[in-house]
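Open the model in your viewer and keep the sequence panel beside it. The stops below say what to select and what is there.

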Amino acid sequence: MPTDMMPPGPARCPWCGTDPGYVAYHDREWGVPERDSRALWEKLVLDGFQAGLSWITILRKRDAFRLAFAGFDPRIVARWGEPQVQRLLGDAGIVRHRGKIEAAIQSARAWERIEDRQGFAGFIWQHTDGHPVQNRFRTPAEVPAETALSRGLSRALNAEGIKFSGPTIVYAFLQATGVVNDHLLGCPRHAEVAALAQG
């Protein structure tokens, strides 16, 4: 993965606009295949908090979320109860939504069960036989909001007790974590991310 952002000129995926933080996220993180179980859980939880909001809102609060959620260590979060829920509801740095907070704690417990059984990363990546899906979309209009893949994984996550994981949220998660490469063909990151998947 490049250490610097793309130079001026190349046509990035238009969704990141010109906000420096959003551009950095596009250039350095989005679409890079993620195979670390903890990092995958963090992204899934944050995507759940995004429901009804924009991703840039969550991205700007990500450091505060990481602090509030013990570095997104699911084995710590899984032990939490009402006192921690109350603390999080009082934390102005994050999205203060009881249902989403309780769902994050519940999903940490589900993560533990899955991790101990087969590995959370393995649970996610088995849906593509371990290989990133290389899409070849040319325009934003071609990119779907959900797919058969996201619907299948959504059902599997819900069966494990993980809430806020509907097909649209799950597809955003798959895009962000590189399970699917949805950088547009005209974006230089499409080829760079595809190369990472080969390595």
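## First stop: a loop residue

Select Ala70: its relative accessibility is 32%, so Ala70 counts as partly exposed. Here buried means under 20% relative accessible area, exposed means over 50%, and partly exposed lies in between, with a 1.4 Å probe and protein chains only. Ala70 sits in the loop between H3 and helix H4 (74–77). Check its backbone: phi of Ala70 is near 55°, a positive value in a residue other than glycine. Most residues other than glycine have a negative phi.

Before going on, note what you are looking at: this is a predicted model, in which local features need pLDDT of at least 70 and side-chain atom pairs count only at pLDDT 80 or more, while totals for chains, interfaces and linings use all residues. Residues are numbered from 1 along each chain as its sequence is written, and side-chain values use heavy atoms, with hydrogens and water left out.

## Second stop: another positive phi

Move to Asp129. Its loop runs between helix H7 (120–125) and strand S1 (133–134). Phi of Asp129 is near 55°, again positive in a residue other than glycine. Is Asp129 buried or exposed? Asp129 has 66% relative accessibility, so Asp129 counts as exposed.

## Zoom out: the whole chain

Show the cartoon. The protein has ten helices and two strands. Both are DSSP runs, numbered from the N terminus: helices are H or I with at least four residues, strands are E with at least two. Along the sequence the pattern is α-α-α-α-α-α-α-β-α-α-β-α. The radius of gyration is 17 Å, close to the 16 Å that the globule rule gives for 199 residues, so the protein is as compact as a globular protein of that length. That radius is taken over C-alpha atoms, and the rule is 2.2 Å times the number of residues to the power 0.38.

Turn the model along its principal axes. The C-alpha trace spans about 50 × 35 × 30 Å. Of the 199 residues, 48% count as buried. The accessible surface comes to about 9300 Å², and 54% of it belongs to carbon and sulfur atoms. These areas come from the Shrake-Rupley method with a 1.4 Å probe; for residues, only the protein chains shown count as cover.

How far apart in sequence are the residues that touch? Among contacts between residues at least 6 apart in sequence, 67% join residues at least 24 apart. A contact means heavy atoms within 4.5 Å.

Select residues 20–28, which make up helix H1. Tyr22, Val23, Ala24, Tyr25, His26 and Asp27 are buried there. What covers the buried residues of H1? The cover includes helix H2 (37–50), helix H3 (55–68), helix H9 (167–176) and helix H10 (188–198).

Now look at the N-terminal end of H1. Asp19 caps it: a side-chain oxygen lies 3.0 Å from the backbone nitrogen of Gly21.

Follow the chain out of H1. Pro33 is in the loop between H1 and H2. Leaving aside neighbours within four places in sequence, Pro33 is in contact with Trp125, Pro132, Thr177, Gly178, Val193, Leu196 and Ala197.

Go to the loop between helix H8 (148–159) and H9, where Ser165 is found. Ser165 is buried, at a relative accessible area of 1%. Its side chain reaches the backbone oxygen of Ile162 at 2.7 Å. A polar contact of 3.4 Å joins the side chains of Ser165 and Asn158. Such a contact is a pair of N or O atoms within 3.5 Å; within protein, one must be able to donate a hydrogen and the other to accept it, and residues adjacent in sequence count only if both atoms are side-chain atoms. Beyond neighbours within four places in sequence, Ser165 is in contact with Ser154, Leu157, Asn158 and Val170.

Select Thr168 in helix H9. Thr168 is partly exposed, at 44% relative accessibility. Its contacts, leaving aside neighbours within four places in sequence, are Ala145 and Glu146. Thr168 and Ala145 are 5.6 Å apart in space, C-alpha to C-alpha, and 23 residues apart in sequence.

Finish on helix H6 (residues 98–117), which holds Arg113. Arg113 counts as partly exposed at 46% relative accessibility.
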